[in-house]
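Trainee: I would like to learn how to read a protein model step by step. Could we go through helices, sheets and cores in turn?

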Amino acid sequence: MSCILHIETSTSVCSVAVSEDSQVIFQQEDHSGPNHAERLGSMVDEALSFTDNHAIPFDAVAVSCGPGSYTGLRIGVSMAKGICYGRSLKLIAVPTLELLCVPVLLRETVKDDDALLCPMIDARRMEVFAGIYDRALKPIRQVEADVVDAETYKPWLDAHPVYFFGNGAAKCMETIHHPNAHLIENIEPLAKWMQPLAERRLLNDRTEDVAYFEPFYLKDYVAKMPKKLI
């Protein structure tokens, strides 16, 4: 199997984990942020020391690649790329919105077979980054920067139960008044949830070019972002 270092810095939470053979064997989280610049280095050092002390060789580094905080993503990706260069490791990019779906699915929170998942990252005011997925994490609608009103998700809500979660979801429920709309609270993108997504990408050889990789935030969403976040 594989040993992967996971780094997650897309929101105010900073977290690091190590997985080996599909099991998380090390994890640290800091919820007092955003303070990624201060905390990430020491958390990664502890993770590397843990694996080195147990003579566990890494196969790859996985990093949350957005959408999310501009500064947080830059810090996380820079750290991941530096480790990949220094240890000759593969780089795996894990989309933040897919990552948010993992704890929802693992906890079996969603019971409806035809339910859709709508993870949301806050972009201030009534704006969010959001995608829509089925329970197999197949994209039903690609990630977009949404200005949310009562009509934004109506086509999907009219046909399916839709579960909204992430740090942008609660404010949207004040606007989305639909019997098929459900809020799941306290769902955060954490490094410990990256393992199944990262292992699948590594198994399928879906790795990134370390030299040229950028977070999705920078490549795909800057033009749609509120200027105060850029």
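Predicted model: local features only at pLDDT ≥ 70, side-chain atom pairs only at ≥ 80, totals over all residues.

Trainee: Where does helix 1 lie, and how many residues does it have?

Mentor: Helix 1 covers residues 36–53, which makes 18 residues. From its first C-alpha to its last it reaches 25 Å, close to the 26 Å expected at 1.5 Å a residue. Just after helix 1, A55 takes a positive phi of about 55°.

Trainee: Which residues of helix 1 are buried?

Mentor: The general idea comes before the case. An α-helix has 3.6 residues a turn, so residues three or four places apart point the same way. In helix 1 the buried residues are H36, L40, M43, V44, A47, L48 and T51. Seen down the axis of helix 1, these buried residues fall within an arc of 135°, so they line one face of the helix. The face turned away from this buried side carries the exposed residues E38 and N53.

Trainee: What covers the buried residues of helix 1?

Mentor: The cover includes strand 1 (3–8), strand 2 (14–20), strand 3 (23–30) and helix 2 (70–87). H36 counts as buried because its relative accessibility is 5%, and the cut-off for buried is under 20%. Leaving aside residues up to four places away in sequence, H36 touches T9, T11, S12, V13, C14, G72 and I75.

Trainee: Now the sheet: in what order do the 5 strands of the open sheet stand?

Mentor: Again, the general idea is that strands of a sheet pair through backbone hydrogen bonds, either parallel or antiparallel. Here the 5 strands form an open sheet in the order 8-7-6-9-10, and the pairing is mixed. Strand 8 (139–147) and strand 10 (181–183) stand at the edges, each with a single partner strand, so one side of each is left without a neighbour in the sheet. On average, and with direction ignored, neighbouring strands of this sheet are turned by 20° against each other.

Trainee: In which sense do strand 6 and strand 9 pair, and what packs on the sheet?

Mentor: Strand 6 (residues 116–122) and strand 9 (residues 162–165) pair in the parallel sense over 4 bridges, and the bridge partner of L117 in strand 9 is Y163. Helix 3 (residues 96–106) packs on the sheet, where it touches strand 6, strand 7 (127–133), strand 8 and strand 9. The direction of helix 3 makes about 125° with that of strand 6.

Trainee: How many residues has the largest nonpolar core, and which have the most contacts inside it?

Mentor: The largest nonpolar core has 32 residues, and I92, V94 and F165 are those with the most contacts inside it. The largest share of this core, 6 residues, comes from helix 3. Apart from this core lies another, of 26 residues, among them C3, F58, V77 and F213.

Methods. Residues numbered from 1 in each chain as written. Heavy atoms only, no water. Helix = DSSP H or I, 4+ residues; strand = E, 2+ residues; numbered from the N terminus. Expected span 1.5 Å × (residues − 1). Buried < 20%, exposed > 50% of the residue type's maximum accessible area, 1.4 Å probe, protein only. Arc of directions from axis to C-beta. Contact = heavy atoms within 4.5 Å. Pairing = 2+ DSSP bridges. Axes fitted to C-alpha atoms, helices over the stretch in contact; angles between N-to-C directions. Core = buried A, V, L, I, M, F, W, Y, C linked by side-chain atoms within 4.5 Å.
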